[in-house]
Amino acid sequence: MRLITNEPLIKRNAAIGKYAATSGLVILVGGLVVSLFKPEYQFVPFITLIIGFILSNVGIYFSNRYVREPRPDKAVEGALKGFDDKYALYQYRLPASHVLVCPSGVFVIVPKFQSGTILWDGNRWKHKGGSVFLSLFGQEGLGNPNAEAAAEAESLSRYLAKHVEGDLPPAQAIIAFYNPKATIEAKDAPLPAMHVKQVKEYLRKLPKGPTLTPAQVEKLDEALGLE
């Protein structure tokens, strides 16, 4: 499998996550110290609380994606390991973070880290096993995976239409949960949703479909500055 990963972006965003989280904590502690020993400066703790909260949340956002193990890019890469060069995985190089070009089509893979049981009840997603305790330590809410995946697929389609010539296949989406403690119950979900360990077998069973031609892949690589 061809693997095209934006390593400089990962290193940069990992650093942002670490420094933002550390800075946020330092500022929050500093505000607490001022409130205890310099109560006359009442405005300082208020300001540090806002700044520290913002930096801490920025740190959590970037750390969840670029620091915490398993990283989503490594989880996706590992799940697809063993495919031949007819498969190309673009990570953090396109408007969608994880894009697979393969004989069955063009796929946006949307990794989600929630643990517990994630299920589609026929109308909406439900998450059993999340808690306030986990959210305090950086586990994000499930949100709306369907809308997230559809938005990434649409962004990718617009990019391909702009940079790649000829007839283009529709961008499809797969929602892949990669927490080892996740259980997925989403057989009838609007979009394919499964544990990341099941993605490879799912793709193998798909019939060959419209995908990018070798010339279009070359065009895409040129647009990304890979040649």
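Predicted model: local features only at pLDDT ≥ 70, side-chain atom pairs only at ≥ 80, totals over all residues.
Residues in this account are called buried when their relative accessible area is under 20%, exposed when it is over 50%, and partly exposed in between. K74 and E77 form a salt bridge, and the closest N and O atoms of the two are 3.6 Å apart. Both residues belong to helix α3, which covers residues 72-79, and because they sit 3 residues apart there, about one helical turn separates them. E77 has a relative accessible area of 22%, so this residue is partly exposed. K74 is partly exposed too, with a relative accessible area of 40%.

A step back gives the overall picture. The chain has 227 residues, and buried residues make up 41% of them. Its secondary structure consists of 7 helices and 9 strands. The C-alpha trace spans about 70 × 45 × 30 Å along the principal axes.

Side chains of opposite charge can pair when their charged atoms come close. Across the model, the count of salt bridges comes to 7. One of them joins E148 and K112, whose side chains meet with an N to O distance of 2.9 Å. This pair links distant parts of the chain, since E148 is in helix α5 while K112 is in strand β4 (residues 105-112), 36 residues away. The two partners fall into separate accessibility classes: E148 is partly exposed at a relative accessible area of 31%, whereas K112 has 9% relative accessibility and therefore counts as buried.

Another salt bridge is formed by E165 and K219, with 3.8 Å between the closest N and O atoms. E165 lies in the loop between α5 and β7 (171-177), and K219 lies in helix α7, so this pair ties together parts of the chain that are 54 residues apart in sequence. The relative accessible area of E165 is 57%, which means that E165 is exposed. K219, by comparison, counts as partly exposed because its relative accessibility is 31%.

Helix α5 (residues 145-163) and helix α7 (residues 214-223) have axes that come within 10 Å and cross at roughly 95 degrees. This angle makes α5 roughly perpendicular to α7, because crossing angles of 65 to 115 degrees fall in that class. At the meeting place, α5 contributes Y159, L160 and H163, while α7 contributes K219, L220 and A223.

A patch with about 940 Å² of accessible area is formed together by I16, Y41, F43, F46, I47, I50, I51, F53, I54 and V58. Helix α2 (residues 43-66) provides 8 of these residues, the largest share of the patch. Y41 is placed in the loop between α1 (7-37) and α2. With a relative accessible area of 41%, Y41 is partly exposed.

Helix α2 also holds S63. At 18% relative accessibility, S63 falls under the 20% limit and so counts as buried. Leaving aside residues up to four places away in sequence, S63 touches G17, K18 and R68.

Two details of the backbone complete the tour. The peptide bond from E69 to P70 is cis, with omega near -5 degrees, and P70 lies in the loop between α2 and α3. The other detail concerns Y92, found in the loop between β2 (88-91) and β3 (98-102). Y92 has a positive phi of about 60 degrees, although this residue is not a glycine. Its relative accessible area is 9%, so Y92 is buried.

Conventions
Residues numbered from 1 in each chain as written. Heavy atoms only, no water. Patch = residues over 30% accessible without salt bridge, like charges linked within 9 Å, V, L, I, M, F, W, Y side chains within 5 Å. Areas by Shrake-Rupley, 256 points an atom, 1.4 Å probe, with all protein chains shown as cover. Salt bridge = Lys/Arg side-chain N within 4 Å of Asp/Glu carboxyl O. Helix = DSSP H or I, 4+ residues; strand = E, 2+ residues; numbered from the N terminus. Buried < 20%, exposed > 50% of the residue type's maximum accessible area, 1.4 Å probe, protein only. Axes fitted to C-alpha atoms, helices over the stretch in contact; angles between N-to-C directions. Parallel < 35°, antiparallel > 145°, perpendicular 65-115°, else oblique. Contact = heavy atoms within 4.5 Å.
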